[in-house]
Amino acid sequence: MGVFNLRSVIIFSALLRVLLIVYGEWQDTHMEVRYTDVDYLVFSDAAALVASGKSPYKRSTYRYSPLIAFILAPSSFIHPSWGKFLFSASDLLVGYFIRIILNLRGVPENLSMYSVIVWLFNPFTFTIGTRGNCEPVICAIILWIIICLMRGNLFQGAVWYGLVVHMRIYPIIYALPIILTLDPNHFQSGKNPSITNWNSKQPKSNRTLGPTNILDLNQIFTRSRILFGLISATVFFFFTGIFFYLYEWEFLHEALLYHLTRTDPRHNFSIYFYHIYLNYERQFAVLEKLISFLPQLMVQIILVFRFAQDFPFCFFVQTVAFVAFNKVITAQYFVWFFCLLPLVLPWTKMKLKWEGVFCILLWIGAQTHWLFWGYMLEFKGKQVFLQLWAASLLFFAANMYVMITIILRHTYSPVFKRLLTSPSRKKTK
C-alpha cells in the first residue's frame, strides 16, 4: 500500500465516477438499456416540480422526503446530471468517513486503506451513485453520526440522526444500540469518551453485554440518553411538521406510512414476494402487514442486546438482517450494509483465502441465480414465479450463512472504555 494514500485513492475514485457519469449520458442516448436508474428519473421530475413551486408528490411513485427533491432542484436549471454528481460526491465522502472512523479506533494505516478501497472500488457501490441513486447520501450521514458519537459530540449526532430518519425511515433500527451505547460508564459530564484501541486486549468481562448493563433502572434515564432522544425527536418532527404543513396527508402517506405497510406484488429478492403476489388482489389487512415485522423485530432485539457496545458491528449485522427479512428487497438496499462492512473488516478473523472468497462467491452466486429467473420472467415472459421464489429462499439462506459466518469470525470489541468513577461519586451511591 506504499504507493497509495488517501488523497490519490480519492482522486482516482472521483475520476472513475466522473467517467461513469459521462458514459451513462452516452449510453442513455445510444442504447436500448439505460444506464441511469429509474429512481433518478423520479427524483428529477420531483425536483422540477418543487422548483416550480408544486408538490413533488404529483410525480407518481415519488415516496421520499421532499428534502431529496429540494437538494436536486438545481438539476432542472444547472444540468440534468446534478444529482448524480451530488450522490457520487457523497459516495466519496463515505470513503473519507470510513478512514476517519478507523483512525479514531487506532487501526493501522495499511489496514485502514484496504477498508477504504473495499468501499470506493466496489463495482456495486460506485455504480449506485453514478446511476443516480440517493443512498450514498444516507450512508454518509450514518457514518458521520458514528463519528459524532465517537468524538462525544452528542448534540450534532442527535441532530443528524433525527434528519436521516426523516429522510429514510430504516435508520430507526439504530436507535436502541445508540441509546445503549450512551452508557454512563462511557459518557460522563465534562469528559470525552475514551475509545478502545484496535490492538488492545479486551478483558473477558467486556466480551458480552450482560443484562445488568442494560436493565439497571438507576442508569437508564441518563442526561446523555434523554438529550439525544429529545434532540433527535425534535429534528425529526420539525422537518416532518414543516412538510406536513406544505403537502398534508399526501406527504405523510408517501414518505412515511407507505413504507410501514408496503406490499409489492412485483418480483423482488424478498422471500415474501410470492405470497404477496398470490394474495395481492384480496388486500392485506394493516395488522397482517405489521405482523410480518415480527421476525425482523425479534432478530433486531437479539443482535442489539448482544453487540450494542461494539456499535459499528451492531449496525452492520442489524442492517444485513433487516434487509434479508424485509417484505420488499431491491438491489439498492445492499448499499445500506456495504457502507458499514469496511468498519468491521479490521476485527475479523476470516481469511480472504478461502473462507472469504467462498462467502463472496456464495452471495454473488445466489444473487446471480435469482437474476437469471428474474430475467426469464421479466424479459422472456416465462411463468417462472415458483422458481423465482425458490431463488429468493436460496438468496435468503446465503445472506444468513454469510452473516452468521461474519459474526462467528468477528472479534467483539466495545468501542468505548469504561471511564473511572471518582471516589466521591462512589460514596454518593
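Student: What is the mean pLDDT of the protein?
Tutor: This is a predicted model. Over residues 203-213 the pLDDT is below 50, and residues 422-429 are also below 50. Of the protein's residues, 88% reach 70 or more, and the mean pLDDT is 86.

Student: Is cysteine 139 buried or exposed?
Tutor: Cysteine 139 lies in helix H7, residues 135-150. Leaving aside neighbours within four places in sequence, cysteine 139 is in contact with Val94, Val335 and Cys339. Its relative accessibility is 0%, under the 20% cut-off, so cysteine 139 counts as buried.

Student: How are the rings of phenylalanine 316 and phenylalanine 337 paired?
Tutor: The search of the whole structure finds 43 aromatic pairs. In this pair the ring centres are 6.5 Å apart. The planes are at 85°, and an angle over 60 degrees counts as edge-to-face, so the pair is edge-to-face.

Student: Which helices do phenylalanine 334 and tryptophan 363 lie in?
Tutor: The rings of phenylalanine 334 and tryptophan 363 have their centres 5.2 Å apart and their planes at 75°, so this pair is edge-to-face. Both residues are buried. The pair ties together parts that are 29 residues apart in sequence, because phenylalanine 334 lies in helix H17 and tryptophan 363 in helix H18.

Student: Which residue lies over the face of tryptophan 347?
Tutor: A charge counts as sitting over a ring within 6 Å of the ring centre. At 4.0 Å from the centre of the tryptophan 347 ring, the residue over its face is arginine 105.

Key. Residues numbered from 1 in each chain as written. Predicted model: local features only at pLDDT ≥ 70, side-chain atom pairs only at ≥ 80, totals over all residues. Heavy atoms only, no water. pLDDT = per-residue confidence, 0-100. Contact = heavy atoms within 4.5 Å. Helix = DSSP H or I, 4+ residues; strand = E, 2+ residues; numbered from the N terminus. Buried < 20%, exposed > 50% of the residue type's maximum accessible area, 1.4 Å probe, protein only. Phe/Tyr/Trp six-rings, centres within 6.5 Å; stacked < 30°, edge-to-face > 60°. Lys NZ or Arg CZ within 6 Å of the ring centre and 35° of its normal.
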